[in-house]
Amino acid sequence: DGFCLLTGCDPELAVEAWRHLGGHPVAVRSSAAREDGVVSSFAGQFCTVLGVSDERTLRAAVERVRASITGGAVLVQPMLPARVAGVYFTADPTLLEGRSARVEAVPGLGEELVSGRMRPTAWRLQTSKFFLLEGSPCLEPEELEALRAAAERAQALLGGELDLEFAFTEEREPWILQARPI
């Protein structure tokens, strides 16, 4: 669920679409072709506004996000009540060679991780097994396996090595929030 406001769209359309979604809290974030790609990544560079729950704040959030990414679209997604959030790298960016995935996760929203305010728990996937590298586990082995399966499906659809933002709610199923090439 969610919607995208293309460049130049009236912010009032966001309010109408938000009402159609039921008026629940949303995340307002940037979305542009030049934002993430194989040759460049601007992860975390543009404004994201979380927990928007009224019309006035939605209009302001759309304008803030637009101001941070001139010429980009605005993506509005329902807020998930994240129990744990993080990033799944299909190829561990901390290794120069070898094929291993890496998971970094924190309790709650992923904003604490991507902002650098919280040190994540980290795992490495090698030969079909996850190894805890640092931190206190915030994901169960079954959740790590469900995340691995979701990442493999995303890779099959999008191709190449990916950086996937994810969240788990109390239902313990992974939600893939965003996927970008590494």
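**View 1. T7 in the loop between β1 and α1.** In this predicted model, T7 lies in the loop that links β1 (3–5) to α1 (11–20); helices (H or I, at least four residues) and strands (E, at least two) are DSSP runs, numbered from the N terminus. Leaving aside residues up to four places away in sequence, T7 touches G71, G72 and A73, a contact being heavy atoms within 4.5 Å. T7 and G72 are 65 residues apart in sequence, with their C-alpha atoms 5.8 Å apart. The T7 side chain reaches the backbone oxygen of G72 at 3.2 Å.

**View 2. The largest nonpolar core.** A nonpolar core is a set of buried (under 20% relative accessible area, 1.4 Å probe, protein chains only) Ala, Val, Leu, Ile, Met, Phe, Trp, Tyr and Cys residues joined through side-chain atoms within 4.5 Å. Of its 18 residues, Y88, V103, A105, W123, F130, L139 and F166 touch the most other members. Two or more residues each come from β5 (84–89), β6 (101–107), β7 (121–126), α4 (141–158) and β9 (162–168). Another core lies apart from it, with 16 residues, including F3, V15, V62 and V74.

**View 3. Surroundings of A105.** Beyond residues up to four places away in sequence, A105 touches V84, A85, G86, P120, T121, W123, C138, L139 and F166.

**Notes.** Residues are numbered from 1 along each chain as its sequence is written, and side-chain values use heavy atoms, without hydrogens or water. The model is predicted: local features need pLDDT of at least 70 and side-chain atom pairs count only at pLDDT 80 or more, while totals for chains, interfaces and linings use all residues.

Definitions and conventions: A polar contact is a pair of N or O atoms within 3.5 Å; within protein, one must be able to donate a hydrogen and the other to accept it, and residues adjacent in sequence count only if both atoms are side-chain atoms. Buried means under 20% relative accessible area, exposed over 50%, partly exposed in between (1.4 Å probe, protein chains only).
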